Amino acid sequence: MKIAVVGATGLVGSVMLKVLEERNFPIDELLLVASEHSVGKTIEFKGKQHKVIGIPTAIEKRPDIALFSAGGSTSLEWAPKFAEVGTTVIDNSSAWRMDLSKKLVVPEINAGQLTKEDKIIANPNCSTIQMVMALAPLHRKYKIKRIVVSTYQSVSGTGVKAVEQLENEIAGKKGEMAYHYPIHKNAIPHCDVFEENGYTKEEMKLVRETQKILDNKTIAVTATAVRIPTAGGHSEAVNVEFENDFDLTEVRQILNDTDGVTVQDNLDVNVYPMPMYANGKDDVFVGRIRRDGSQPNTLNLWVVSDNLRKGAATNTIQIAEYLVKNNLV
């Protein structure tokens, strides 16, 4: 099994390597791939030093699977070239997510759609992944009509520059700005670029990707995405209206029984999900589970996850694990 990690020197790439090691993914040969200015650098994996190579060299080596986390433009240019030599690409950018010919996969929900012919597979947006992980099992039981979601997203979702901006501001140091405004002691209602409709791309990803993953374009979704000064972990306040009524005990039981979801919901001792507790973990944490008293069949949830793990690296590697287990590569 020959595995390439494209974007190995980036924030998500480094977490991918960590997750590959933790999960003991079967690797006979590991190719660490990055942009030309990183070629020749060394990165340690399982106690061994690996030299970073460029993308053309990696393609020549024809890996079985390429885990991409190198940005949309890199993916649009190079993913098809890997696919041409028989490599299965699992891409973490937004480049292929809404392409009708590409599958958008959260393994616990829809990995069963994958076939050997799928040579470019899209990994959803981090905010979408954690939300659908909580909602998919409830959708199967009660049928979702409408979702209203507000996100509270960490700076790590923007990348290394944003993490450095927050650290500099906390330390009172001047430095490069990833955002238009200071993020320390602030909340910025602006994740990604604005579209013509007044929503950001991040907000519209939550709309479009949720409908695609749940395979239902009639589900109404509206979103507000906010960047907050936490270093890692995204949080979401989710209000979901169902076609059918629900029982709160049953809702908790369904979530408890869902692989990859942990319920943290004991108000007597102030137990609820928070980014600091989700840090470094692969599960999606759900709490503050309560009925919306203002209208029928409507539920409120608070959903938290480590955006670099289940929201990016872990989900990508879980797709790769599914491919290997089911002889699809």
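In this predicted model, the buried residues of helix α7 are covered by elements that include α4 (107-110), α5 (126-142), β8 (144-153), β9 (220-227) and β10 (234-242). Helix α7 comprises residues 201-213, and its 13 residues should span 18 Å at 1.5 Å a residue; the end C-alpha atoms are 17 Å apart, which agrees. Ten of the 13 residues are buried, so α7 is largely enclosed by the rest of the structure. The buried residues are E202, E203, M204, K205, L206, V207, E209, T210, Q211 and I213. Just after the helix, D215 adopts a positive phi of about 55 degrees.

One of the buried residues of α7, E209, forms a salt bridge with R97, with an N to O distance of 3.2 Å. R97 lies in the loop between β6 (88-91) and α4, so this pair ties together parts that are 112 residues apart in sequence. Both E209 and R97 are buried.

The count of salt bridges comes to 17. Among them, K2 and E29 meet at 3.8 Å, N to O. K2 belongs to strand β1 (residues 2-6) and E29 to strand β2 (residues 29-33), so the contact ties together parts 27 residues apart in sequence. K2 counts as partly exposed at 22% relative accessibility, and E29 counts as partly exposed at 33%.

A further salt bridge joins D118 and K103, whose closest N and O atoms are 3.0 Å apart. D118 is in the loop between α4 and β7 (120-122) and K103 in the loop between β6 and α4, 15 residues apart. D118, at 9% relative accessibility, counts as buried, whereas K103, at 22%, counts as partly exposed. Salt bridges also link E22, R23, D282, R309 and E321 in a network.

Notes
Residues numbered from 1 in each chain as written. Predicted model: local features only at pLDDT ≥ 70, side-chain atom pairs only at ≥ 80, totals over all residues. Heavy atoms only, no water. Helix = DSSP H or I, 4+ residues; strand = E, 2+ residues; numbered from the N terminus. Expected span 1.5 Å × (residues − 1). Buried < 20%, exposed > 50% of the residue type's maximum accessible area, 1.4 Å probe, protein only. Contact = heavy atoms within 4.5 Å. Salt bridge = Lys/Arg side-chain N within 4 Å of Asp/Glu carboxyl O.
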